[in-house]
2 protein chains.
Amino acid sequence: MRVVVPFDAAEPKTRLAPVLDDAERRAFAHCMLGDVLDAVTTTVGSESTVDVLATTPTDVDRADVGVTVDDRPLTAAVNEAIADTVHADETLAVVMADLALVSPDAVARLRGTAGDVVLAPGRGVGTNALVVRAPDFRVDFHGTSFLDHRRTAADVGTVETVDSFRLATDIDEPADLVEAFVHGGERTVEWLTERFELVVGEKERRVSLARR
Amino acid sequence: MRVVVPFDAAEPKTRLAPVLDDAERRAFAHCMLGDVLDAVTTTVGSESTVDVLATTPTDVDRADVGVTVDDRPLTAAVNEAIADTVHADETLAVVMADLALVSPDAVARLRGTAGDVVLAPGRGVGTNALVVRAPDFRVDFHGTSFLDHRRTAADVGTVETVDSFRLATDIDEPADLVEAFVHGGERTVEWLTERFELVVGEKERRVSLARR
């Protein structure tokens, strides 16, 4: 199996701009990437290859992870990876770099699910992770990608989904940070804990993060 | 095993008021309750009992489900259920009535997870479902209930969590409706589909629901 972790190295996590400045967004994105790579490399074993699919040259500083630079949009870059990998009879897994909650167990469930295409839905009808064993499947990450992927996958083979909160929770917006704070990987939690604390609102008892 | 499904029959889903009127909120809440009861009764088998724990008398119109009326707040009512059930050496499962995405598989994973207390975290640090096998465990559903439950459960026994998007997604706010529309149970999807359609926003390609 080859696992690719798409990572926007140029302008990561722009929708977090209301609460994190440029340098913070960059540092936080690298924490999440590190946690995702930890979960993936712990799970997949040495017979698999793991590559960060980065928009610009990126130093991940790990012997067990490669970097493939592709400056095209996500959809084109992932489709190239499918063509390269699945056409050569290897299974491809795609795991987004902002899945701060991802755990080895969640990755194991993803890769252990049979099906020509295995989809992990994200909130907002997105697709946060997938496994492709059908060479003719192509992704399209715009809009309602989970529904589109489920439909197009059914045209080329069997489709399964993975029911995981950890895979469904991508950290895109300020409201998502509380999930990363509570359930995230080690680097993410440490980084957030140094800067934020949990607060429980008066109204509706909603939980959010506030600067320390 | 006894399964209780807490249901606010008096004023259900008040936070959906921006998009659903009173009668709609009531009807929609009953659709979600019906889907939750379908998933639960399909899974647990006839050796288990399933009760709606309702704040006011409620007609669920099913031979396989009982109704227990308890007009106290959720925490007190669930703690009474724990006292009644777990003290009598029966396992208690609690599954919230607004888990529109819940499936038989998700319920099976919940009940099949070993542990004196098994927690299914919800978004926003909530607890959306749990299994209690430790008679001294007590719930408290305010604020950061997942963290509180994990801590207090560790004082009385072993604690496990269930990683499920379907159990993590309670339908509280207008933004949650898109999840129910796409991934929900049969009654919920039918009810929403009659009234709403998916729209993909120009900005950020966010997906939401709009009235038909």
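In this predicted model, H1(A) and H7(A) run roughly antiparallel to each other, because their angle of about 150 degrees is over 145. The axes of these two helices are 7 Å apart.

**Helix contact in chain A**

From H1(A), the residues A:Glu24, A:Ala27, A:Phe28, A:Cys31, A:Met32, A:Gly34, A:Asp35 and A:Asp38 take part in the contact, and they meet A:Glu186, A:Arg187, A:Thr188, A:Trp191, A:Leu192 and A:Arg195 of H7(A). Sorted by class, the contact of H1(A) with H7(A) holds six nonpolar, two polar and six charged residues.

**Aromatic pairs**

A pair of aromatic rings is described by the distance of the centres and the angle of the planes. Over all chains, a search of the whole structure finds two aromatic pairs. A:Phe28 and A:Trp191 form a tilted pair. This pair links distant parts of the chain: A:Phe28 belongs to helix H1 (residues 22–44) of chain A and A:Trp191 to helix H7 (residues 186–195) of chain A, 163 residues apart. Are A:Phe28 and A:Trp191 buried or exposed? Both are buried.

In chain B, the rings of B:Phe28 and B:Trp191 have planes at 35 degrees, so this pair is tilted. B:Phe28 lies in helix H1 (residues 22–44) of chain B and B:Trp191 in helix H7 (residues 186–195) of chain B, and the pair links distant parts of the chain, 163 residues apart. B:Phe28 has a relative accessible area of 0% and is therefore buried. B:Trp191 counts as buried because its relative accessibility is 9%, and the cut-off is under 20%.

| Pair | Centre to centre | Angle between planes |
|---|---|---|
| A:Phe28 and A:Trp191 | 5.2 Å | 40 degrees |
| B:Phe28 and B:Trp191 | 5.2 Å | 35 degrees |

**Charges over the Trp rings**

What sits over the ring of A:Trp191? The charged end of A:Arg195 does, 4.0 Å from the ring centre. In chain B, B:Arg195 lies over the face of B:Trp191, at 4.0 Å from the centre of the ring.

**Helix contact in chain B**

The axes of H1(B) and H7(B) cross at roughly 150 degrees and come within 7 Å. H1(B) and H7(B) are therefore roughly antiparallel to each other. Among the residues of H1(B) in this contact are B:Phe28, B:Cys31 and B:Met32, while those of H7(B) include B:Trp191, B:Leu192 and B:Arg195. The residues of the contact of H1(B) with H7(B) fall into six nonpolar, two polar and six charged.

Definitions and conventions:
Residues numbered from 1 in each chain as written. Chains lettered and ligands numbered in written order. Predicted model: local features only at pLDDT ≥ 70, side-chain atom pairs only at ≥ 80, totals over all residues. Heavy atoms only, no water. Phe/Tyr/Trp six-rings, centres within 6.5 Å; stacked < 30°, edge-to-face > 60°. Helix = DSSP H or I, 4+ residues; strand = E, 2+ residues; numbered from the N terminus. Buried < 20%, exposed > 50% of the residue type's maximum accessible area, 1.4 Å probe, protein only. Lys NZ or Arg CZ within 6 Å of the ring centre and 35° of its normal. Axes fitted to C-alpha atoms, helices over the stretch in contact; angles between N-to-C directions. Parallel < 35°, antiparallel > 145°, perpendicular 65-115°, else oblique. Contact = heavy atoms within 4.5 Å. Nonpolar A, V, L, I, M, F, W, Y, C, P; charged D, E, K, R; others polar.
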